[in-house]
Each structure stands twice: as structure tokens, then as C-alpha cells.
Amino acid sequence: MMLARDLFREMDALRHEIDRAFQDFDKSWAHGGRSRIGFLPGRSARSYPLINLTEDENGLMLEALAPGIDPENLSVAIQGNTLTIAGEKKAVHPDVKVEAFHRNERAAGRFVRNIELPVPIDAEKISADYRQGILHITLPKSVEAKPKRIEVNVV
Amino acid sequence: MAEKSVASTVTPDAPARYEETRQEERFLTPPVDIFENENELTVLADLPGVSKENLNVRVEDNILTIEAKPDKNGKGDSLYREFELATFYRQFQLTETVSREGIDAELKSGVLTLRLPKVEEAKPKLIEVKVS
């Protein structure tokens with residue numbers, strides 16, 4: 001009888017401890033919103049950089065979230081319908097000792113991502129520019145993918 | 001701004017990490033690196049899509065606030081979305097060792113670099129050992 005009560009109390013204490021550990025985790029990740037916009041955080045299951053793809057009648061616009069990259073270390077390539085974004089984010093502060101850090105949340109490293117495009121693209125006319133930490137790629141549709149306006153004749 | 005301020009109960013050695021908001025607007029917490037050397041404290045924050053005009057960095061009552069609004073860039077119809085930018089907001093409690101004067105801020109490639117110099121008293125003094 002005595003043993004059983006102790007066991008329950010111990011389990012209760014353990015549960016509290018786990019709850020406390022997860023509370024901190026929840027606050028910083030789920031509610032802080034950092035994971036939604038992070039770039040290379042822990043090289044986890046997601047592909048980086050994160051992208052947004054929009055379309056209008058002339059082409060596709062792609063935005064890739066990649067702050068803190070030297071544009072020289074960024075490459076964009078297309079083969080068929082596959083767009084490849086590759087690059088490397090260098091650690092800005094390789095000389096700083098580990099013990100000098102108060103916080104280290106910004107990751108660094110190499111990345112590569114292949115994106116399958118939904119429409120045929122005119123590869124000659126692709127343009128890409130990097131501003132304010134976002135890579136903007138404009139992908140004009142190839143002629144056959146553009147909507148063709150058919151005039152209706154009135155007879 | 002009052003409703004978004006860090007509660008004054010935080011202890012100086014535990015920087016304010018989360019901020020409660022009462023506004024409808026969503027806020028994002030920018031990831032940061034903070035490190036120090038003998039002379040200064042450096043803060044790096046990822047603020048993609050933010051131009052200089054929409055960045056607000058201030059120090060009030062020992063609280064460093066970084067607030068930034070990314071430029072809206074939504075033309076065309078959305079096909080696929082993985083990220084959504086919103087106002088960036090983050091606060092840190094500063095200790096007395098950081099000087100209020102001479103804080104240097106630079107925004108480049110979506111990364112904000114803040115250099116906060118230490119006050120003279122907080123810098124390490126080298127004491128020469130004389131051999132007699």
C-alpha cells in the first residue's frame with residue numbers, strides 16, 4: 001500500500017517535470033513563430049529555403065527566404081521544368097568563441113532545393129535578383145503556356 | 001506601445017523572450033545571434049524583406065526593442081505558400097554594462113547588425129604584474 005502511493009507521487013512529479021520542459025519549448029517555437037520563418041534551423045525535415053510561388057498571365061514569380069547570404073554564393077539553374085536553388089550561408093562570425101555567445105539561433109550551411117514548376121518556362125528570359133534577404137525569381141511562361149486570346153467574329 | 005512592453009518583473013539576467021500582444025496583428029520573432037567581446041555586444045537578427053524605412057530599433061528603460069515591417073510583395077495569384085512575413089518584434093533586457101550611446105545599426109541582405117558598446121567600467125582591465 002505504501003509502495004503504491006509513493007509510486008503515484010513519483011509519477012506525478014515526473015509528469016510535472018516533463019510538462020515544464022515542454023512549456024518552454026512550446027512558447028519559443030509554436031507561439032514565438034520563429035520556426036515559420038527560420039532559415040536552415042537545425043537542417044530539419046523541411047527543405048530550405050522556404051518558397052512562395054505566385055502566378056499571373058505572363059509567368060511565375062518565386063520568392064525564396066534566404067537572409068544573410070552573399071549573392072556570390074547563390075546559384076539558380078533550370079533544367080526542363082526543374083528549378084534548382086543552391087547556395088551556402090557562411091557563418092558571419094567564425095572567429096567568435098562558443099562561450100562568447102549569449103544566443104545562437106541563426107544557422108549556417110549549404111543548401112540545395114529542386115522545385116518542380118507547374119507550367120513550361122522560357123528558360124532564356126528567367127531573371128533573378130536578391131534584395132533584403134529574399135531571392136526573387138521571375139519565370140516567364142513559354143509561348144505555348146500563355147493564354148491565347150481568340151477573337152470572336154460577329155457575323 | 002504600452003500594451004506590448006515587456007513586463008517589468010523580469011530579472012536582469014533573464015532576457016525578456018516572449019511578448020504578449022493584444023493586437024489583432026500577428027508578430028514574428030526574428031531569430032538572433034548575440035555574442036560579446038571585450039568592447040561590445042553584437043546582435044544579429046534575420047529580418048528578411050525589411051527596408052531601412054520600416055525598421056525601428058530603440059532602447060527604452062534598458063529594454064532593446066527591434067520592430068520591423070516587411071514590404072508587401074503580393075502580386076499574382078498564389079500557387080504555393082510556405083512562408084508568410086508579418087511584423088517582426090522582439091525585445092531584450094539590457095544590463096547596465098551596455099552603453100546607451102554609440103549604438104551602431106546596419107541592415108544588409110535582410111540581416112540587422114547591432115553593435116552595442118560596453119561602458120568603460122565594464123571593460124576588462126589588464127593589471128600588469130610587476131616582478132620585483
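User: What mean pLDDT does chain B have?
Analyst: This is a predicted model, and the predictor assigns the complex an ipTM of 0.71 and a pTM of 0.71. In chain B, 80% of the residues reach a pLDDT of 70 or more. The mean pLDDT of chain B is 81.

User: How many strands are there in chain B?
Analyst: From the N terminus on, the elements of chain B run β-β-β-β-β-β-β-β-β. The count of helices in chain B is 0, and the count of strands is 9.

User: What percentage of the residues of chain B count as buried?
Analyst: Burial here requires 20 or more other C-beta atoms within 10 Å of a residue's own. Chain B has 132 residues, and the share that counts as buried is 23%.

User: What share of the contacts in chain B with a separation of 6 or more comes from residues 24 or more positions apart?
Analyst: A contact is counted when two C-beta atoms lie within 7 Å. Among the contacts in chain B with a separation of 6 or more, residues 24 or more positions apart account for 57%.

User: How many residues of the side of chain B that touches chain A are nonpolar?
Analyst: The contact takes 36 residues from chain A and 32 residues from chain B. On the chain B side, strands E1 (27–28), E2 (32–36), E3 (40–46), E4 (50–60) and E6 (77–81) each supply at least two residues. That side of chain B includes 9 polar and 8 charged residues, while the nonpolar ones number 15.

User: Which residue is the bridge partner of Asn104(A) in E2(B)?
Analyst: Strand E5 of chain A (residues 101–104) runs antiparallel to E2(B), and 3 bridges join them. Within E2(B), Asn104(A) has as its bridge partner Asp33(B).

User: Which residue in E6(B) is the bridge partner of Asn52(A)?
Analyst: Strand E1 of chain A (residues 50–55) pairs with E6(B) over 4 bridges in the antiparallel sense. In E6(B), the bridge partner of Asn52(A) is Arg81(B).

User: Which strands stand at the edges of the open sheet, each with a single partner strand?
Analyst: The open sheet has 5 strands in the order E7(A)-E8(A)-E2(A)-E1(A)-E6(B), with antiparallel pairing. Its twist averages 20° from one strand to the next. Each edge strand has a single partner, so one side of each is left without a neighbour in the sheet; these strands are E7 (127–131) of chain A and E6 of chain B.

How values were computed:
Residues numbered from 1 in each chain as written. Chains lettered and ligands numbered in written order. Predicted model: local features only at pLDDT ≥ 70, side-chain atom pairs only at ≥ 80, totals over all residues. Nonpolar A, V, L, I, M, F, W, Y, C, P; charged D, E, K, R; others polar. Pairing = 2+ DSSP bridges. Buried ≥ 20, exposed ≤ 12 C-beta atoms within 10 Å, placed from the backbone. Axes fitted to C-alpha atoms, helices over the stretch in contact; angles between N-to-C directions. pLDDT = per-residue confidence, 0-100.
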